[in-house]
Amino acid sequence: MTEPIVQLQHVTRRFGPQIAVDEVELALRPGECVGLVGHNGAGKTTIIKLVLGLLRPSAGRVMVLGQDPAAGAGARARRELGYLPENVALYPALTGAETLRFYARLKRVDPADNAALLARVGLLEAAKRRVATYSKGMRQRLGLAQALLGRPQALLLDEPTSGLDPASRQSFYGLLREVRRAGAAVLLSSHALAELDSVVDRVVILNRGRKTADGDIQQLRRLAGIRPRIRVQLLADVPPCSRSRFVGWQERPGGVLEIECTEPEIVDRLRTMPETAQAVEVVRPTLDDLYARFSHHDEIAV
Amino acid sequence: MRQMVLIAGKEWLDGWRNRWVLVVTLLLALFALTLSFLGAAPTGSVKASPLAVMIVSLSSLSIFLLPLIALLLSYDAIVGEWERGTLALLLAYPVARWQVVLGKFSGQVGILAMATGLGYSTAAVAAIMNSADFAADWSEFAAMLASSVLLGAVFIALGHIVSAVSRDRGTAGGIAIGIWLVFVLVYDMALLGVLVADRGRVLSEEAVGWLLLINPADIYRLFNLAGTTSASAFSGMSGLAAQAHFGPAFLISMLLLWCAVPLVAAVWVFSRRQI
């Protein structure tokens, strides 16, 4: 297996008596896109700040490219990281182009490539305007542009789509896919698992600072053990005798019957459906169901 | 060094954009011009070089105004960025925290130096043009200007430590105003009160001299109003100057120390701050 770019080993971080991150293990490998999912205060931002070296772990070890990002030499590791903070704040008095030039120089990247970067996030026309006049979506895109400076090996995006409208969100994920094709590893935090479905390779679910799940979405579906359900609406006034066909089904209000089954069973069940069935619906667990399952249980072995 | 210069440059650009440089320059020029024309009246036929009078009046102005401007400029250097949320991103870049503090400090000293230099020089030139006496001692004026910038730098450094310690801008602003009140107004009044009550019984004249060194504003006063010969004659500080045996070089190095200590403290506190 390739050497991870970012690695957390038994990392715990306390703020006074409160434990923000509890014994978390995490590895981000080259080219991988990992979603960090959890409710507000689950420890997502703390983990990202630990990786950046803004915070030091109370226990355990954080390594970025084999170095401690919080140590003096960590400055070198930080050059290989791109960071987009939650609700990115930029200097309102600077223009978009100036902002990018300032950050490029801090990172010792040639600002000559900035125009191309601005074009890539669709801000070339607005580059000479002050950031104060930007909409939230534009600021987020400028934030992504600064995170992409110098082709970092890993991108750390903290709730990059919170507060964006659906169209901006889609274009943001479009940009992200392009970045991934260029080979950067991405660690992406979000509180909505459903949003990450087609975006990430792997999901890490956090609950109150603990890692409760780690795997790709298919694995998580299996682990969660939430099975699809079939719902049948019966004709009104169906005699009880004909209900013998529905042994084991649960009754729901309004003459609806429901049963849990496995994926292969679905077809059989549908084939043998009696005539009294008026409408049939197959309910598969959504990612939100999956997330609810993992965030309400402490630990499911992975 | 490179990172420091970048941050200083950004601070300077911010100063231009939010009109700080312009407003402070105009304010200082306005005050200085007013003082120079008012100050010209009493000299009348007295044999005083207009520039010497100028130095006395401008340094009295500096003692009140520059610390205030310096504190207002610097109090939110760190806490402001922290509150607005730009600090985490800045520190995620390959920048050490001491570079952030020193960069911001030098940028703000640059703003203050520019404003003071332009403002005071205009006033000085206007005063000279208005009088027949051109035999002015510009080196004393330059010394006053340089020490004024240094006084400002001391309070910018103090502002940085306030900014590094505070959790929100409101508190930082309050503490900054408090520092200004203590050093510029309260300290001297308290010292005067003690001297009057004491009547030289406990406090020796030498001790008073050392007590003045505790306050950077007083060091500046000693340097400009008592230190140079022509100015001390008009400033009424000649008595004090004779008692306090501090040479100009010593006074300047004390001001430099007053700059360095808060800066080092600010870096130390900031390095331990949770972002």
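Mentor: Strand β11 (residues 250-252) of chain A is joined to strand β12 of chain A by 3 bridges, and the two run antiparallel. This is a predicted model, in which local features need pLDDT of at least 70 and side-chain atom pairs count only at pLDDT 80 or more, while totals for chains, interfaces and linings use all residues. Residues are numbered from 1 along each chain as its sequence is written, with chains lettered from A and ligands numbered from 1 in the order in which they are written.

Strands (E, at least two residues) and helices (H or I, at least four) are DSSP runs, numbered from the N terminus. Two strands pair if DSSP finds at least two bridges between them.

β11(A) and β12(A) form a hairpin with 3 residues between them, and Gly254(A) in the turn has a positive phi of about 80°. Gln250(A) stands opposite Glu258(A) of β12(A). Glu258(A) is also the bridge partner of Arg231(A). Strand β10 (residues 229-234) of chain A pairs antiparallel with β12 (residues 256-260) of chain A, over 5 bridges. Strands of a sheet pair through backbone hydrogen bonds, either parallel or antiparallel.

Chain A also has an open sheet of 3 strands in the order β2-β1-β4, with antiparallel pairing. Its edge strands, each pairing on one side only, are β2 (18-28) and β4 (59-64) of chain A. From one strand to the next, the twist averages 25°. Strand β1 (residues 6-15) of chain A meets β4(A) over 5 bridges in the antiparallel sense, and Thr12(A) stands opposite Ala59(A) there. Helix α1(A) lies across β1, β2 and β4 of chain A and runs at about 60° to β2(A). Here, axes are lines fitted to C-alpha atoms, for helices over the stretch in contact, and angles run from 0 to 180 degrees between N-to-C directions.

The contact between the chains takes 21 residues from chain A and 19 residues from chain B; two residues are in contact if their C-beta atoms, placed from the backbone, lie within 7 Å. On the chain A side, α1 (44-52), α2 (74-78) and α3 (96-106) each supply at least two residues, and α3(A) gives the largest share, 4 residues. That side of chain A divides into 14 nonpolar, 1 polar and 6 charged residues. Ala, Val, Leu, Ile, Met, Phe, Trp, Tyr, Cys and Pro count as nonpolar, Asp, Glu, Lys and Arg as charged, and the others, Gly among them, as polar.

The largest nonpolar core has 150 residues, and Ala154(A) and Leu156(A) have the most contacts inside it. Helix α7 (residues 138-165) of chain B supplies the largest share of this core, 15 residues. Such a core is a set of buried Ala, Val, Leu, Ile, Met, Phe, Trp, Tyr and Cys residues joined through C-beta atoms within 7 Å. A residue is buried if 20 or more other C-beta atoms lie within 10 Å of its own, exposed if 12 or fewer, and partly exposed in between, with C-beta atoms placed from the backbone. Beyond its neighbours within four places in sequence, Ala154(A) is in contact with residues including Val6(A), Leu28(A) and Ala184(A).

In chain B, Ile111(B) belongs to helix α6 (residues 97-129). Ile111(B) counts as buried because it has 25 C-beta neighbours inside 10 Å.
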